[in-house]
Amino acid sequence: MDIRRFLRGDLGDDRLETRILIVDDEPEIGELAALYLRNEGFIAETFLQAGPALARIREAPPDLAILDIMLPDMNGFALCRLIREEYA
């Protein structure tokens, strides 16, 4: 998926294959965000901690990651840096 098209909202049928990973230690927030995204046709996965999310990213990189800053096992900025080092 082309990130420029994603940011413009010009997704067409690509939405059905767009994977979004959400990492938030508050399950209600993560699940609510996932619900909205799924209702729009995206594939959304939620994680409560950075470690399991990073393992999932390594086995199947998402198109977009939404990260909370304050996570119990790792700072969201640190997780973002790890993702960027491996996939950017």
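# Contacts, cores and a pocket in a predicted chain

Reader: What share of the contacts with a separation of 6 or more comes from residues 24 or more positions apart?
Author: They account for 59% in this chain. Contact here means heavy atoms within 4.5 Å.

Reader: What sort of model is it, and how are things counted?
Author: This is a predicted model: local features need pLDDT of at least 70, side-chain atom pairs count only at pLDDT 80 or more, and totals for chains, interfaces and linings use all residues. Numbering runs from 1 along each chain as its sequence is written, and side-chain values use heavy atoms, with hydrogens and water left out.

Reader: How much of the chain is buried?
Author: Buried residues are 30% of the 88. The cut-offs on relative accessible area are under 20% for buried, over 50% for exposed, and partly exposed in between (1.4 Å probe, protein chains only).

Reader: Now the core. Which residues make up the largest nonpolar one?
Author: There are 10 in all: Leu21, Val23, Phe47, Ala50, Ala53, Leu54, Ile57, Leu71, Leu79 and Ile83. A nonpolar core is a set of buried Ala, Val, Leu, Ile, Met, Phe, Trp, Tyr and Cys residues joined through side-chain atoms within 4.5 Å.

Reader: Which elements supply at least two residues of this core?
Author: Strand S1 (19-23), helix H3 (50-59) and H4 each do. H3 gives the most to this core, with four residues.

Reader: What lies apart from it?
Author: Another core, of six residues. Ile20, Ile22, Ala34 and Leu37 are among them.

Reader: What does leucine 79 touch?
Author: Val23, Ala50, Leu54, Leu67, Leu71 and Met74, not counting residues up to four places away in sequence. Its C-alpha is 8.9 Å from that of glycine 51, 28 residues away in sequence.

Reader: And alanine 50, what is it in contact with?
Author: Val23, Leu71, Asp73, Met74 and Leu79, leaving aside neighbours within four places in sequence.

Reader: What about leucine 82, where is it?
Author: Leucine 82 is in helix H4. It is partly exposed, at a relative accessible area of 26%. Leaving aside neighbours within four places, leucine 82 contacts Leu54 and Met74.

Reader: Switching to strands. Where does isoleucine 43 sit?
Author: In strand S2 (residues 43-47). Isoleucine 43 is partly exposed, at 35% relative accessible area. Isoleucine 20 is 23 residues away in sequence and 6.1 Å away in space, C-alpha to C-alpha.

Reader: Last topic, pockets. What volume does the largest pocket have?
Author: About 200 Å³. On a 1 Å grid over the protein atoms alone, a pocket is an open set of points with protein on both sides within 12 Å along at least five of seven lines, and lining residues have an atom within 4 Å of a point. Grid points are joined across faces, edges and corners, and the volume is the space filled by probe spheres set on them.

Reader: Which residues line the largest pocket?
Author: Ile57, Pro61, Pro62, Asp63, Leu64, Ala65, Leu67, Cys80, Ile83, Arg84 and Tyr87. Strand S3 (64-67) and helix H4 (76-87) are the elements giving two or more residues. H4 gives the most, with four.

Definitions and conventions
On a 1 Å grid over the protein atoms alone, a cavity is a set of points where a 1.4 Å probe fits but cannot get out, and a pocket is an open set with protein on both sides within 12 Å along at least five of seven lines; lining residues have an atom within 4 Å of a point.
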